[in-house]
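My notes are below, in the order I looked things up.

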There are 2 protein chains.
Amino acid sequence: MTTITGFAVHDVRFPTAAAGDGSDSINRGDYSATYVELTTAEGVTGTGFTFTNGQGNEITCACVRALAPQVVGRTVAELTAEPPRALTAHPQLRWLGPEKGALHMATGALINAVWDLRAKLAGRPMWELLATLPTDELLSCVDFRHIDDALTPAEAAAILDKGRVGLEDRLALLRSDGFPSYTTSVGWLGYPDDKVRELTRTAYAEGWRAVKMKVGGPIEDDVRRAGIIRSEIGPDALLMMDANQIWGVDEAVANMARLAPFDPYWIEEPTHPDDVLGHARIQQAVAPIRVATGEVAANRVIFKQLLQAGAIGVMQVDACRVAGIPEVLAELLLAAKFGVPVCPHAGGVGLCELVQHLAIFDYLRVGTSLDGRMVEYVDHLHEHFADPVRTRDGRYLVPDRPGYSSDMLAASIAEFSFPDGPAWS
Amino acid sequence: MTTITGFAVHDVRFPTAAAGDGSDSINRGDYSATYVELTTAEGVTGTGFTFTNGQGNEITCACVRALAPQVVGRTVAELTAEPPRALTAHPQLRWLGPEKGALHMATGALINAVWDLRAKLAGRPMWELLATLPTDELLSCVDFRHIDDALTPAEAAAILDKGRVGLEDRLALLRSDGFPSYTTSVGWLGYPDDKVRELTRTAYAEGWRAVKMKVGGPIEDDVRRAGIIRSEIGPDALLMMDANQIWGVDEAVANMARLAPFDPYWIEEPTHPDDVLGHARIQQAVAPIRVATGEVAANRVIFKQLLQAGAIGVMQVDACRVAGIPEVLAELLLAAKFGVPVCPHAGGVGLCELVQHLAIFDYLRVGTSLDGRMVEYVDHLHEHFADPVRTRDGRYLVPDRPGYSSDMLAASIAEFSFPDGPAWS
């Protein structure tokens, strides 16, 4: 019965904007983390974070401070045995959402820290903790309110029960081959053509057979860059495109007609992330190219609708924009119900570290297939984590340390604390 | 060429939670305002606010501080002549939305303060400023990105041009009769049955022929309270019901079958505000009862879809959850395009003061009809405003002071400032 005795929150920012890393049609960010530590009398510390883009990280930190009284003083067992409504349905704070924006992102940081504690106390990596929990324990944390018209608790239980069959075989395959992934490091909008060509060539040589480029600049530039990348990776490798929400619905359809000759595997975030009906129209128009979205989908209610409307061919969950493990679990179950593959969003700060656990758990217990599944990989900032991702030939290796791989190095926190760390002062 | 030279933001909270005022199935609030003042060299001060529910008001204040550099140092003329993308599409802050939650609410407070300045400088009440602006000036501030698949700039211009016809006649009617409204003060969930009966009787005696009750408690309680109110107002007055998002989709359909015998005019917020498809299913099931929603609809993209999906029979805009006047204008135009009446959300702190301007402008220049139009009225906290709403026989009287009626009394700000004002310390 471990009780959470206190919390700390750190505003950690990495000065990435100047180099053009992470730049796209919408964002020009200093990759940042609202980093939470939950302390216990036992001396074990749970960590969690939400990723932000620089400015505004002080806001998500303020949200953590507003929400933390809902977890401090409670036990890990009780907090992980119920939907996190003490945070998501707080009678005053909920007004700032509901279940969206800065407050919901801070909720994700806190709830993930609680679950990190649970995994560390159990001595298991997060994927293993989740994959081996009894079905009723897993489901006790899921908030079915507002999604039970699409997925009932009984349907969810059936998915998780069925997921036990063959689990050991799937795990053996992962331990031998790793989890498929793709790289986003070749085609940021901030990079000149020569750098794009060189990075693509290097990635291909390293074994990557799926790469993602940013689109959403002037369409002629997008077409030219798509040509460069396709010529480097050949006809068989996968080329994903990511518009980061810049287009209107009609504009997305028109631009994808221009980009279709380069055989994109998916178009990611073609329009505003709240536009379920718009994504559905785009998906109809661009098929067989898949529409992918989710990294800024506000919550499980948006994902539910994207699936109900047939608006996506690929579902991209984010580990810390929604209310942590319990809401991601709801999203994975919804995707399984509708038969849509999940390819988690990563990159940023520490997102690769988190989502590897989600993808492995999904394969082991929920989706139970590797067909169409890939985890995003971006080669930034892993050196700041105590248990960084490891890849081989374009595949993630299975992590084995207890917890959610979310511990940031104390030296990195100190160096990049904003505004007083040495990196900023 | 008035330049904004500085800003101040005040965390103002009224201790309303203890009395049960404003309590419903989801909220138990201390009605609060994130109150913004924009200063100018001319000595005119623009004011704007966003309404919150108590805790978390410090977060929207922090958001105002993060966004204010985008307006300070710029002129009122240039800020009101373009979509507010400097705030809504900021390359770093946008990640905390986009266009939703605490950051978007703070955007509304700031942008409304800019427009309040414009109206004060013009010496006109907001409704009059808007109603008399040339069509192209009005549209220059509207962000059509992500809504132009439903409403093109040309269609919007045609609506506003047509709205000039008969404008003077409509204004004469308003000056003589006032604007229709309804009262929400009779049926908060925190009130006992006797108080509900007495308040309903009093409201009816005062001339109200449209009242709203909260539902979403145990259904037997909702049914009993609906019976009390309907028996007091008779068969001809309108009874609206408001579930404040508590129900699932199937649950909403089932509960409205229980409440239908009391002849509700609309069911407001039957489920999660992000659930466009859910609202559409409920609207199909409960017709001819209208589905109404919008007070926490995150942005114009959500409203666009609610209209595209035929999910609502009444559209409720909020003055300060979205990005102020420019985004509300987009929403009014969308409603006019789809032929759905707008009944603005009010109550809270100062919302009645704001939305009277929006409703009057909508009638004069956009929707151009009073059919099915009513402004919400709640008799709380008007005494804290310099230009409070005035009603007569259940109708709003036309405000005449220059500006957006958003100026809060200095004594009220001082008294209720959190946490150091006398009301809190």
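**Entry 1: domains of chain A.** First a reminder to myself that this is a predicted model. I looked up the domain assignment for chain A, and it lists domain 1 (4-141 + 412-416) and domain 2 (167-404). Their C-alpha centres are 22 Å apart. I then checked the contact between them and found 42 residues from domain 1 of chain A and 41 residues from domain 2 of chain A. On the domain 1 side, the elements giving two or more residues are β2 (32-40), β3 (46-52), α3 (85-88), α4 (101-122) and α5 (126-132) of chain A. Which of them gives the most? It is α4(A), with eleven residues. I sorted that side by class and got 21 nonpolar, 14 polar and seven charged residues.

**Entry 2: the core.** Next I went for the largest nonpolar core, which has 291 residues. The residues with the most contacts inside this core are Ile59(A), Leu110(A), Ile59(B) and Leu110(B). Domain 1 and domain 2 of chain A both contribute residues, so the core lies between them. Skipping neighbours within four places in sequence, Leu110(A) is in contact with Val36(A), Gly48(A), Val64(A), Leu67(A), Ala68(A), Val71(A) and Leu87(A).

**Entry 3: chain A against chain B.** I looked up the contact between the chains: 53 residues of chain A meet 52 residues of chain B. On the chain A side, α1 (57-67), α4, α11 (249-259), α12 (276-286) and α13 (300-308) each give two or more residues. α1(A) has the largest share, six residues. By class I have 22 nonpolar, 20 polar and eleven charged residues on the chain A side.

**Entry 4: two helix pairs.** How do α7 (residues 153-162) and α14 (residues 324-338) of chain A pack? Their axes are 10 Å apart, at an angle of about 85°, which makes α7(A) roughly perpendicular to α14(A). Glu155(A), Ala156(A) and Ile159(A) from α7(A) meet Leu333(A), Ala336(A) and Lys337(A) from α14(A). That contact has four nonpolar, no polar and two charged residues.

Over in chain B I checked α13 (residues 300-308) and α14 (residues 324-338), whose axes come within 10 Å and cross at roughly 5°. An angle under 35 degrees counts as roughly parallel, so that is what I wrote down for α13(B) and α14(B). α13(B) puts in Arg300(B), Phe303(B), Lys304(B) and Leu307(B), and from α14(B) come Glu327(B), Ala330(B), Glu331(B), Leu334(B), Ala335(B) and Phe338(B). I make that six nonpolar, no polar and four charged residues.

Entry 5: I went looking for cis peptide bonds. Phe418(A) to Pro419(A) is cis, with omega near 0°, and Pro419(A) is in the segment after α16 (410-416) of chain A. In chain B, a cis bond joins Gly97(B) and Pro98(B), with omega about -5°. Pro98(B) is in the loop between α3 (85-88) and α4 (101-122) of chain B.

His146(A) is in the loop between α6 (135-139) and α7 of chain A, while Ser405(A) is in the loop between β12 (395-396) and α16 of chain A. Is His146(A) buried or exposed? With 26 other C-beta atoms within 10 Å, His146(A) is buried. Ser405(A) is buried too, with 26 other C-beta atoms within 10 Å.

Definitions and conventions
Residues are numbered from 1 along each chain as its sequence is written. Chains are lettered from A and ligands numbered from 1 in the order in which they are written. This is a predicted model: local features need pLDDT of at least 70, side-chain atom pairs count only at pLDDT 80 or more; totals for chains, interfaces and linings use all residues. A nonpolar core is a set of buried Ala, Val, Leu, Ile, Met, Phe, Trp, Tyr and Cys residues joined through C-beta atoms within 7 Å. A residue is buried if 20 or more other C-beta atoms lie within 10 Å of its own, exposed if 12 or fewer, and partly exposed in between; C-beta atoms are placed from the backbone. Domain bounds come from an automatic or database domain assignment. Two residues are in contact if their C-beta atoms, placed from the backbone, lie within 7 Å. Axes are lines fitted to C-alpha atoms, for helices over the stretch in contact, and angles run from 0 to 180 degrees between N-to-C directions. Helices (H or I, at least four residues) and strands (E, at least two) are DSSP runs, numbered from the N terminus. Angles under 35 degrees count as roughly parallel, over 145 as roughly antiparallel, 65 to 115 as roughly perpendicular and the rest as oblique. Ala, Val, Leu, Ile, Met, Phe, Trp, Tyr, Cys and Pro count as nonpolar, Asp, Glu, Lys and Arg as charged, and the others, Gly among them, as polar.
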